[in-house]
Amino acid sequence: MKRALALFALLALGVSVAQKPKVAIGTGSTGGVFFYYGTALADILNKEGAVEAQPVQTGGSYDNLLLLRDRTNPRANIYYCALSTSDSAYVAYTGEEPRFRQKPAKSARVLFYMYPSFIHIVTTEKTGIKVVQDLRGKRVSTGQPGSSSENLALLVLQAAGVSPDSFSKRERLPVAESAKALAEGTLDAFFWVGGVPTGSLVELSQTLARKGDRIYLVPIDPKSTTAQVALKRFPGLLDTYRVPKEVYGTRTDVPGLATGNIFVCPDTLPEEAAYAMMKAVFENLDTLRTAVASARYTSLEATARLYGKFPIPFHPGAERYLKEKGLIR
C-alpha cells in the first residue's frame, strides 16, 4: 500500500518512473556520411523524445557492430545501435567476419534501410589511372583497418586480379585523411565506401579544380569479371550503381558497385522504444533529408523491400510500425 501511494505521488509530481532507454548510435569517421547521418538521427530521436540518443564517432560498420554486441547492457538501460553497410552486418551476423567468428552478432535486428554506399575508387586525371589494374605500382589507401571500406576494397582488388603487395606504398587511412593526401600529392588513389555525395570528396573535387587537376573515379563495368566476382560474393547485398557526373564534377557518369546501408539495434531494445524510434524518424524524414543528402534514399518503401529477403531479422518494433503503415503483413 505504501509503495502504491509513493508511486502515485511520483506520478502526481510528473516524475517519470521508467527512464527512457539510453541509445548510443555508432556512426563513423569525420568526413563520412555515417558521421553526419548518425548525428542528425540522434538529434531527431532526442527532439521527438523517442529515446535518449547519443552519437558515437567510430571507425565505421564493424566497430559499430562490436559495440552493439559487447556494450549493450539492458540492466543499465543502455543499448548500442549501429549504422552499418549490409555486407558488414551480414558477415558479423553469420560469423564469417573473423572478429565475429567466436561470437557472431546474432542479437542484431534491422530497423530500417538508409541509403546505398558506392565503392569509390578515387584518383585524379593527372595520375593516369584509368582502370583498377592501373593501381599496381601506385601509392594507394585501402581504407581504415578492418573497415567495410577496406574489406570491399580488398574484394574488388582480388576480383580484378590486383594484389595490395603490388602497390609501391599501401596506406590504410579514413576518408578525410585520404582526400587530403591525394590533394597534396602524397597518395595516388584511395578506396572509400560511402554515400553519394560524400562531403570530403566534394571538397576534394573543388580543391583539385583550383590546382588545375580534376577528380577521377575509376569505373567498374557491371559486365566485367571484376563486377561479376564481387556480386557473387554478396548476392543481394551488392548491386550495380552509377554516379552522375554532376555529383563530383567528373567528365562522365561513373558505373560501379554499391552496398546498402541499414540501421540495426540489439534484440534486447524494448519493442516500444524501437517503435518510437521508427515513428520519430519517418515522421521527420524532411528534417533528416535536409541534414544529409544521402537520406533521400531513406524510406519506408525501401525498408519494406528488405523485409523477408534480408538474412538478419527485423526488430519487432520495426515490424509493428511497418504493419501499421500497411507495408508488410
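Guide: Start with Phe-118: its bridge partner in strand 7 is Gly-194. The model is predicted, so local features need pLDDT of at least 70 and side-chain atom pairs 80 or more, while totals for chains, interfaces and linings use all residues. Numbering runs from 1 along each chain as its sequence is written, and side-chain values use heavy atoms, without hydrogens and water.

Visitor: How many bridges join strand 4 to strand 10, and how many to strand 8?

Guide: Strand 10 (residues 254-266) pairs with strand 4 over eight bridges, antiparallel. In strand 10, Phe-263 is the bridge partner of Phe-112. Strand 8 (residues 215-217) runs antiparallel to strand 4 and is joined to it by three bridges. There, Thr-123 has Tyr-216 as its bridge partner.

Visitor: What makes the largest core a nonpolar core?

Guide: The term means a set of buried Ala, Val, Leu, Ile, Met, Phe, Trp, Tyr and Cys residues joined through side-chain atoms within 4.5 Å. This one has 89 residues; among those with the most contacts inside it are Leu-45, Phe-112, Val-132 and Phe-263. Strand 4 (residues 108-124) gives the most to this core, with nine residues.

Visitor: Why is this core said to lie between domain 1 and domain 2?

Guide: Domain 1 (22-115 + 262-325) and domain 2 (117-260) both give residues to this core, so it lies between them. The bounds come from an automatic or database domain assignment. A second, separate core has 21 residues, including Phe-190, Leu-217, Val-243 and Ala-258.

Visitor: What is Phe-112 in contact with, leaving aside its neighbours within four places in sequence?

Guide: Contact means heavy atoms within 4.5 Å. The partners of Phe-112 include Tyr-37, Leu-41, Ile-262, Phe-263, Met-278 and Phe-282. Phe-112 also belongs to an aromatic cluster with Phe-263, Tyr-275, Phe-282 and Tyr-321.

Visitor: How many aromatic pairs does the structure hold?

Guide: Ten. Take Tyr-62 and Phe-100: the ring centres are 6.5 Å apart and the planes stand at 40°. Rings of Phe, Tyr and Trp (its six-membered ring) pair if their centres lie within 6.5 Å; planes under 30 degrees apart count as stacked, over 60 as edge-to-face and the rest as tilted. The Tyr-62 and Phe-100 pair is therefore tilted.

Visitor: Which parts of the chain does the pair of Tyr-62 and Phe-100 tie together?

Guide: Tyr-62 lies in helix 3, and Phe-100 in the loop between helix 4 (86-94) and strand 4, so the pair ties together parts that are 38 residues apart in sequence. Tyr-62 has 3% relative accessibility, so it counts as buried. Phe-100, at 0%, counts as buried too.

Visitor: Why is the pair of Phe-118 and Tyr-241 called tilted?

Guide: The planes of Phe-118 and Tyr-241 are at 45° and the ring centres 5.8 Å apart, so the pair is tilted. Phe-118 in strand 4 and Tyr-241 in strand 9 (residues 238-243) are 123 residues apart. Both Phe-118 and Tyr-241 are buried.

Visitor: How do you know that the charged end of Lys-106 sits over the ring of Tyr-93?

Guide: The test asks for NZ of Lys or CZ of Arg within 6 Å of the ring centre and within 35 degrees of the ring normal. Lys-106 sits over the ring of Tyr-93, 4.2 Å from its centre. Lys-130 lies over the face of Tyr-216, at 4.7 Å from the ring centre.

Visitor: What makes helix 4 mostly covered?

Guide: Seven of its nine residues are buried, among them Asp-87, Val-91 and Tyr-93. Their cover includes helix 3, strand 3, helix 5 (148-159) and helix 8 (225-233). Just after helix 4, Gly-95 takes a positive phi of about 85°.

Visitor: Is Asn-77 buried or exposed?

Guide: Asn-77 has 17% relative accessibility, so it counts as buried. Asn-77 is not a glycine, yet its phi is positive, about 65°. Asn-77 lies in the loop between helix 3 (61-71) and strand 3 (78-85).

Visitor: Which residues does a cis peptide bond join?

Guide: Val-196 and Pro-197, with omega about 0°. Pro-197 is found in the loop between strand 7 (189-194) and helix 7 (199-210).

Notes. Buried < 20%, exposed > 50% of the residue type's maximum accessible area, 1.4 Å probe, protein only. Helix = DSSP H or I, 4+ residues; strand = E, 2+ residues; numbered from the N terminus. Pairing = 2+ DSSP bridges.
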